[in-house]
Amino acid sequence: MLTENEVAIGIILRPHGLRGWVKVRPLTDDPNRYFDLVKVSLHHKDRRIGEFRLERVEISKPQNLLVKFREVDSIDEAEALRGAEIRIPRSECLPTTADQFYHFDLIGLPVQTSEGRMLGTVSEILEHPGNDIWVVRDDEYNEILLPAIASVIKEVNLEEKRIIINPLPGLLNDAANTA
């Protein structure tokens, strides 16, 4: 299980070759960040496997990486890592700008309208080419899909743990919510 102090940045897909390389699907917007890493921890099904040092990293197509850990020297050792999450301490995340947020920072934040109406919490973020969609669910499992665009998202305050929105007309199904 992820703690607040660690972040998943990749998933090991499968071994690559005979000498311990693994193919990795990065869970980061900047796969080049792997070139700056020295060590990571690996977790499989919420069980910590251990710390591993990166020996080499190569960019692979399409949008995957090839990683060689110092501790892994054979295809059998690499196979044992299939499906493992690659994690780093939260403190090693790359800095963001004022209008950028990590998905894990937004999940669980309460969302309310600029008038103060509580809508629920961000439960999931769907990535789309035009803009992300924030899935907001309330205690009764009602769901609102918020486009992550400036005209809708008015404020994200991580310190006060809240998101303020200005819903577009028709975005909230008010007829269902007023019953």
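**Entry 1**

I began with strand E11 (residues 153–157) and strand E12 (residues 162–165), which run antiparallel and are joined by four bridges. Strands here are DSSP runs of at least two residues, numbered from the N terminus, and two of them pair if DSSP finds at least two bridges between them. Val156 stands opposite Ile163 in E12. Four residues lie between the strands of this hairpin, and Lys161 has a positive phi near 55°.

**Entry 2. Notes on the model**

I note that this is a predicted model, in which local features need pLDDT of at least 70 and side-chain atom pairs count only at pLDDT 80 or more, while totals for chains, interfaces and linings use all residues. Residues are numbered from 1 along each chain as its sequence is written, and side-chain values use heavy atoms, with hydrogens and water left out.

**Entry 3. The barrel**

I traced a closed barrel of six strands in the order E1-E2-E5-E4-E3-E6, with antiparallel pairing. The twist from one strand to the next averages 50° (axes are lines fitted to C-alpha atoms, and angles run from 0 to 180 degrees between N-to-C directions). I then looked at E2 and E5, which pair in the antiparallel sense over four bridges. In this pair, Trp21 stands opposite Lys68 in E5.

**Entry 4. Lys68**

Is Lys68 buried or exposed? Lys68 counts as buried because its relative accessibility is 6%; buried means under 20% relative accessible area, exposed over 50%, and partly exposed in between, with a 1.4 Å probe and protein chains only. I looked up the partners of its side chain. The side chain of Lys68 reaches the backbone oxygen of Val72 at 2.3 Å and makes a polar contact with the side chain of Asp73 at 3.2 Å. A polar contact is a pair of N or O atoms within 3.5 Å; within protein, one must be able to donate a hydrogen and the other to accept it, and residues adjacent in sequence count only if both atoms are side-chain atoms.

**Entry 5. The cores**

I listed the largest nonpolar core, which has 22 residues; Ile12, Tyr34, Phe69 and Ile86 have the most contacts inside it. Such a core is a set of buried Ala, Val, Leu, Ile, Met, Phe, Trp, Tyr and Cys residues joined through side-chain atoms within 4.5 Å. A second, separate core of 16 residues includes Val136, Ile144, Val152 and Val156. Leaving aside neighbours within four places in sequence, Ile86 is in contact (heavy atoms within 4.5 Å) with residues including Val7, Ile12, Tyr34 and Phe69.
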